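Subject: Structure handover

Hello,

Here is the structure for your files. My notes on pockets, cavities and aromatic contacts follow below it.

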Amino acid sequence: MAENSRIAGFRNMTVAQRRSAVTEATGFDGEVFSQLDSSAFEPTDAANLSENVLGVFSLPLGVATNFTVNGTDVLVPMATEEASVIAAASNAARIARPKGGFVTSSTEPIMQAQIQLINVGDPHAARSRILERKSEIIDLANAQDPTLVELGGGVADLEVRLVDARTTTYVLVHLLVDVRDAMGANAVNTMAEAVSGTVATIADGDALLRILTNKADRRIARARAVFDRELLGGAEVVDNIIHAYELAAADPYRAATHNKGIMNGISAVVLATGNDTRAVEAGAHSHAVIDGRYTSLSVFEKTAEGDLVGTLDMPMPVGLVGGATKVHPAARAALEIAEVSTATDLAEIIVAAGLAQNLAALRVLATEGVQRGHMSLHAKNLAAAAGATPEETESIVATLIEEKAFRFDRVKSLLAEIRSGGSR
Ligand code: NAD
């Protein structure tokens, strides 16, 4: 495990220095990092993952520092094009550290497949007939995936739901499958297809759709963290963050942005580890609806001591096998860096990152607002676009902030000034 996820000055290091610092913190050899070079993912390998492939698309991959999850330090791999995300997660993790960092837990990794039965004349009786033959159907489903069963997974239960639609009542058979370290879509879809004929015969109807549900509400990962009042900025900041959360809980317009902040962290780790971002996002959106109303995925409260406590519970269908996880070199390296041995470990780290990201955004919004940080990043981008070196950029950004002038013409004149030996 990462001996210490708190790496001083990490943000200001060069990429090579960061690789050495991570090696020092974790004992990794250089092999892991060579997997993160864009040249490690050959277009010919990429062509096996998708279709009509012309090349590969690269994104920055970094690690969030300062994370402690269940008492163990961890470096959280994140792939994102959005500035500030990794820094913000690291910052929030630092604020969580003095009170023990993130505490996580989860359900068993249960995914569900749905089989839609149509043309059933007696839906209620059909439901009973299917449940009477539950164990036979489960055995048939399990026979499709001996590997999974051998690993301790397989069908955990079968449920039947009746859904009243506009013109008819559908009988829906749900296979609840423990998918162990897989995301599980292919695994459960195969099972659903294999048993659909049998259940259709039992129901005396026809099977139509046979596919997993991305509302993975039986596969929940939870994270909780206490954020130190003083490190947050004092009692008023705690109260204002709670106001910010309460608005998200009450108003869907705010909740959408609040949850987007959570997903900034979640999707970055899901993507870095080669997992299916859309599956996790679909699970999150469906989970954010309670009693028909879209709301906040997280909850923030004040502890008896006046600190802030945040909790985030959400579906987390991610795997260590299948999809791109084993094929994409950077995804494999990211999984190594995260040092996870089960999909559940990974799911819990992801939710911790989501909670950290959420807190960081709320804190900025409840204090200085987002623009200050964004404008300095904007200034950095302008300087880079003008061809400034890192040293020149530093000086240009400082001047732009001082002058509150974020214009490209000003960047170019400052750069010319520096290069002509000006005082800046
Ligand atoms: P998969 O079928 O490639 O791998 C899962 C299989 O690996 C299991 O069935 C099992 O036989 C085997 N396995 C070996 N070691 C295992 C272990 N330790 N734990 C569990 N299984 C183990 O992949 P998958 O996870 O079933 O499916 C994931 C892929 O499905 C992703 O690429 C996803 O994008 C895609 N997908 C998603 C959707 C959706 O979300 N709606 C639909 C279809 C496909």
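Which helices each supply at least two residues of the lining of the second largest pocket? They are α11 (252–272) and α12 (277–287). Please keep in mind throughout that this is a predicted model.

The second largest pocket

The volume of this pocket is about 240 Å³. Its lining is made up of 14 residues, and those closest to the centre are Glu81, Met263, Ser267, Ala268 and Glu281. Helix α11 contributes the largest share of that lining, 6 residues. Sorted by class, the lining of the second largest pocket holds 6 nonpolar, 4 polar and 4 charged residues.

The cavity

Searching the whole structure for cavities of 30 Å³ or more turns up 1. The largest cavity has a volume of about 70 Å³. Several stretches of the chain take part in its lining: Ser106, Thr107, Glu108 and Pro109 are among the lining residues, as are Arg219, Ile220 and Ala221. Met316, Val318, Ala343, Thr344 and Ala347 also line the largest cavity. In terms of elements, strand β8 (220–227) and helix α14 (343–366) each supply at least two lining residues. The most comes from α14, with 3 residues. The lining of the largest cavity consists of 7 nonpolar, 3 polar and 2 charged residues.

Aromatic contacts

A pair of aromatic rings is described by how far apart the centres are and by the angle of the planes. The structure has 3 aromatic pairs. One of them, formed by Phe67 and Phe102, is stacked, at 5.2 Å centre to centre and with 20 degrees between the planes. Phe67 belongs to strand β1 (residues 61–69) and Phe102 to strand β3 (residues 102–106), so this pair ties together parts that are 35 residues apart in sequence.

Are Phe67 and Phe102 buried or exposed? Both are buried. Together with Phe227, Phe67 and Phe102 make up one aromatic cluster.

There is also a contact between a charge and a ring: Arg18 lies over the face of Phe10, and its distance from the ring centre is 5.8 Å.

To recap for when you open the model: look at α11 and α12 for the second largest pocket, at β8 and α14 for the largest cavity, and at Phe67, Phe102 and Phe227 for the aromatic cluster.

Regards

Notes:
Residues numbered from 1 in each chain as written. Predicted model: local features only at pLDDT ≥ 70, side-chain atom pairs only at ≥ 80, totals over all residues. Heavy atoms only, no water. 1 Å grid on protein atoms, 1.4 Å probe; cavity = no way out; pocket = protein on both sides within 12 Å on 5 of 7 lines; lining within 4 Å. Points joined across faces, edges and corners; volume = space filled by probe spheres on them. Helix = DSSP H or I, 4+ residues; strand = E, 2+ residues; numbered from the N terminus. Nonpolar A, V, L, I, M, F, W, Y, C, P; charged D, E, K, R; others polar. Phe/Tyr/Trp six-rings, centres within 6.5 Å; stacked < 30°, edge-to-face > 60°. Buried < 20%, exposed > 50% of the residue type's maximum accessible area, 1.4 Å probe, protein only. Lys NZ or Arg CZ within 6 Å of the ring centre and 35° of its normal.
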